[in-house]
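Biologist: Before I plan around this protein, I would like to go through its model with you, one point at a time. Could you put the sequence and the structure up?

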Amino acid sequence: MSQDSTTVPETSRKLSGRRRREIVAVLLFSGGPIFESSIPLSVFGIDRQDAGVPRYRLLVCAGEDVPLRTTGGLELTAPYGLEALSRAGTVVVPAWRSITQPPPAAALDALRRAHEEGARIVGLCTGAFVLAAAGLLDGRPATTHWMYAPTLAKRYPSVHVDPRELFVDDGDVLTSAGTAAGIDLCLHIVRTDHGADAAGALARRLVVPPRRSSGGQERYLDRSLPEEIGADPLAEVVAWALEHLHEQFDVEALAARAYMSRRTFDRRFRSLTGSAPLQWLITQRVLQAQRLLETSDYSVDEVAGRCGFRSPVALRGHFRRQLGSSPAAYRAAYRARRPQGGPAERTDRPDRADRLERLERADRPDRAEVIEQRGDHSLALRRPGAPGGHTGHPAHPGHHHHAPHPEPGKPESDTYAPRLPEQAAGRAPGRPSVPGQRERPVG
């Protein structure tokens, strides 16, 4: 189940007699970042019954017999060791210090035993690597920080890694994306255990939205390729693709450059990066469009051409699917929040796409969609229910999502969704806000 799902998978195992569902054990390791480590401590370790939040019992456990050093050189002391995991109904691994190091064998054994006895196992951010090393993610959907998702997919090929989701709930094993997505998953656990009212009350105390709007962490994706790709024969093909995004080419062309059949290329590329080549290529084109919208005055039509899209309609469709807003709305929001003194916005040739977006977003329900006719640049208005539709690049395979953090660790509110100035609707000027993210599995 992803973040947008409304049904919760059934946990397949019953708790053993000594475990209690209200007991949450948080497993800490030396070198773990303090922000991720603090999330489950704050959510499950503070008594907020006065606000209508049922109380959990928290056990903070050391995952290894060494000083627990964290961000900034701080040293933590955990009151419990691995033996305390035997009492927990939920075990949370908030982070792991290094994706290149294997976790301690004793901790992996304790996690396997907890799972066998019916405990719910949760991995936040890089904590997913610990769950994967214990074999608890084999054959399951999972996510982690988008930056590490390709490495997780390559190192543990039996794990179905979805780098687009904020979190994935697979019943008795749950994983989240990076940093603040851990808050989303912990709120989801409270919602699952005690209902929406309890989760909403907790979210108000934490000053975060109970559910983030759509988008997942996909809008935060960058050129997410594992460092190991440098030694792979596909590295040259990937580098060529990134340097020629302004050209129109498809996955068949990339396979030909790699001297592989399409099927072989797809398999090798997915094993190396954790994503299908078409999905990766579309994401790179959207990211390039995002950069051009932020740093240039090209019209949306020109941006589409410079990013290899066959038409502005194709760009708009993929851009909205991945980032949750149209290109024109994204540019308006970005420029509205840009510090004063930045490059002046060009006013001698208003962007036609911006005008389209204002018309599209105006409070006029009788105008549901605006379709641009490229031949004579005229506008055709299509009312609700009228035939016709957009065409463009193939849709992003198997998906549609929430998204991250301009700054790691800063949760993003629904109110940060990009919108156009209210002048389009004839109201007083407003302040466009910053783009935001969404919930559930990837293709």
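Biologist: Which residues does UniProt list for "transmembrane region"?

Modeller: This is a predicted model, in which local features need pLDDT of at least 70 and side-chain atom pairs count only at pLDDT 80 or more, while totals for chains, interfaces and linings use all residues. Residues are numbered from 1 along each chain as its sequence is written, and side-chain values use heavy atoms, with hydrogens and water left out. UniProt positions follow the numbering used here, with feature names shortened, and annotations may be inferred rather than shown by experiment. The record, an unreviewed entry, lists under that name residues 23-46.

Biologist: How far apart do the end C-alpha atoms of residues 23-46 lie?

Modeller: Helices (H or I, at least four residues) and strands (E, at least two) are DSSP runs, numbered from the N terminus. On that basis the span is 50% helix and 25% strand, and its end C-alpha atoms are separated by 13 Å.

Biologist: At roughly what angle do the axes of helix α5 and helix α6 cross?

Modeller: Axes are lines fitted to C-alpha atoms, for helices over the stretch in contact, and angles run from 0 to 180 degrees between N-to-C directions. The axes of α5 (residues 181-194) and α6 (residues 196-206) come within 7 Å, and they cross at roughly 145°.

Biologist: How many salt bridges does a search of the whole structure find?

Modeller: A salt bridge here is a side-chain nitrogen of Lys or Arg within 4 Å of a carboxyl oxygen of Asp or Glu. One of them joins Arg 69 to Glu 75, with the closest N and O atoms 3.5 Å apart. Searching the whole structure gives a total of 14.

Biologist: What separation along helix α2 do Asp 109 and Arg 112 have, in helical turns?

Modeller: The side chains of Asp 109 and Arg 112 meet in a salt bridge at 2.6 Å, N to O. Because they are three residues apart in helix α2 (residues 105-116), the separation is about one helical turn.

Biologist: Is Arg 140 buried or exposed?

Modeller: Arg 140 forms a salt bridge with Asp 170, the closest N and O atoms being 2.7 Å apart. The pair links distant parts of the chain, 30 residues apart. Buried means under 20% relative accessible area, exposed over 50%, and partly exposed in between (1.4 Å probe, protein chains only). Asp 170, at 24%, is partly exposed, whereas Arg 140, at 15% relative accessibility, counts as buried.
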